[in-house]
Structure formats: structure tokens, C-alpha cells
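Dear colleague,

Please find the structure below, together with its sequence.

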Amino acid sequence: MNNKLGTIIVVALALLLSACHAEYKDISSEPEYSQYIGKQYKLISDMDYSGVNLPPGYNDEIHVYIISSRDPGWSGPEVVTRETLPTGSVVIISKVEECANCLTFGAPLRRAQVEIKGVPPINLPIQLDFDQILSGKHLERVQ
């Protein structure tokens, strides 16, 4: 009987989590993050620049671009395009956001909205995991 109840709980949680849509709030004005706004960071290694189609369906329409590390890389049906953003490219932080409803077992999920210096603006967001900035592994501050 307990095993059956445990299975029901696990299935119910899985269904609930699969239906979640991450909602992000702007934390750019908080003192801890406002210092990053307008700052420039240079890539010290090549990174992936992927055009991504967001759920509910997967098709060829790009909703967001994501700059990500190649170690580890990621893929899936949501990736529509992938290019290399070469070493030396510069990104400018325009906003920092934090997931308001994500279940995490450590630090909250944060991302930066960025512009790529020298690339004409596009009408879609370009996102970078904020931990990539903090780690210093792939980017270094220029200004």
C-alpha cells in the first residue's frame, strides 16, 4: 500500500513540474546586481550562440538566443540554430533576472539579458546564465 502511494506522489509531482513555466523577475535595481548593468565582458573562450524555440511546441521559430558554455554543451529539439560566438566577442549586460518559481537546491537561477557589441540589435532577447559571468571561466570584465 505505501509503495502505491509513493508511486502516486512521484507521478503527481512529475506532472506538476512538467507543467511549470519559469517566470523571471527583474532584479537589476538590487544593489548586488545593479553594479553589472552596462558593464562589458569579453569572451575568453568560444561559446555557443543558439537560437531557441520555447515550449509548448517545437518548430523553426526562434523566441530567444542563448549564449552558453561548450562544456558541457546542450542540445534538443528546441535548438533551431547554433553558431560560435568567438573568443574576443564582447557582451554588454542590460538586465539581470531571477527565476521566481523555479525549484532549486542551491542558489536561485539567474540570467543576464545582454547585447553583443558590434552586432546590430535584434528584436529577440539574448540571454546568458549569470553564473557564467560570476565564474570568470569564459568571460572577463572589460569595463
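Ser 69 is placed in the loop between strand E4 (64-68) and strand E5 (79-85). Helices (H or I, at least four residues) and strands (E, at least two) are DSSP runs, numbered from the N terminus. This is a predicted model, in which local features need pLDDT of at least 70 and side-chain atom pairs count only at pLDDT 80 or more, while totals for chains, interfaces and linings use all residues. Residues are numbered from 1 along each chain as its sequence is written, and side-chain values use heavy atoms, with hydrogens and water left out.

Ser 69 is buried, with a relative accessible area of 6%. Here, buried means under 20% relative accessible area, exposed over 50%, and partly exposed in between (1.4 Å probe, protein chains only). The side chains of Ser 69 and His 138 are joined by a polar contact of 3.2 Å. A polar contact is a pair of N or O atoms within 3.5 Å; within protein, one must be able to donate a hydrogen and the other to accept it, and residues adjacent in sequence count only if both atoms are side-chain atoms. Not counting residues up to four places away in sequence, Ser 69 touches Met 47, Asp 48, Gln 132 and His 138; contact means heavy atoms within 4.5 Å.

**Salt bridges**

A salt bridge is a side-chain nitrogen of Lys or Arg within 4 Å of a carboxyl oxygen of Asp or Glu. By this rule the count comes to six salt bridges. In one of them, the side chains of Asp 48 and Arg 82 meet at 3.8 Å, N to O. Asp 48 lies in strand E3 (residues 47-52) and Arg 82 in strand E5, so this pair ties together parts that are 34 residues apart in sequence. Asp 48 is buried, at a relative accessible area of 8%, whereas Arg 82 is partly exposed, at 34%.

Glu 97 and Arg 111 form a salt bridge through their side chains (2.7 Å, N to O). Glu 97 belongs to strand E6 (residues 90-99) and Arg 111 to strand E7 (residues 110-116), 14 residues apart. With 9% relative accessibility, Glu 97 counts as buried.

A salt bridge also joins Glu 98 to Arg 110, with the closest N and O atoms 2.9 Å apart. Since Glu 98 lies in strand E6 and Arg 110 in strand E7, the pair ties together parts that are 12 residues apart in sequence. Glu 98 is buried, with a relative accessible area of 14%.

**Strand pairing and the nonpolar core**

Two strands pair if DSSP finds at least two bridges between them. E6 and E7 pair in the antiparallel sense over seven bridges, and within this pairing Ile 92 stands opposite Glu 115 in E7. E7 and E8 also pair in the antiparallel sense, over three bridges; Arg 111 has Asp 129 in E8 as its bridge partner. Six of the seven residues of E7 are buried.

A nonpolar core is a set of buried Ala, Val, Leu, Ile, Met, Phe, Trp, Tyr and Cys residues joined through side-chain atoms within 4.5 Å. The largest such core has 22 residues, of which Ile 67, Val 91, Ile 93, Val 114, Leu 128 and Ile 133 touch the most other members. At least two residues of this core come from each of strand E2 (40-43), E3, E4, E6, E7, strand E8 (126-129) and helix H3 (130-135).

**Aromatic pairs**

Rings of Phe, Tyr and Trp (its six-membered ring) pair if their centres lie within 6.5 Å; planes under 30 degrees apart count as stacked, over 60 as edge-to-face and the rest as tilted. By this rule the count comes to three aromatic pairs. The rings of Tyr 33 and Phe 130 have centres 5.6 Å apart and planes at 70 degrees, so this pair is edge-to-face. Tyr 33 lies in helix H2 (residues 31-34) and Phe 130 in helix H3, so the pair ties together parts that are 97 residues apart in sequence. Tyr 49 and Tyr 65 form a stacked pair, 5.1 Å centre to centre with 15 degrees between the planes. Ring pairs link Tyr 33, Tyr 36 and Phe 130 into a cluster.

With kind regards
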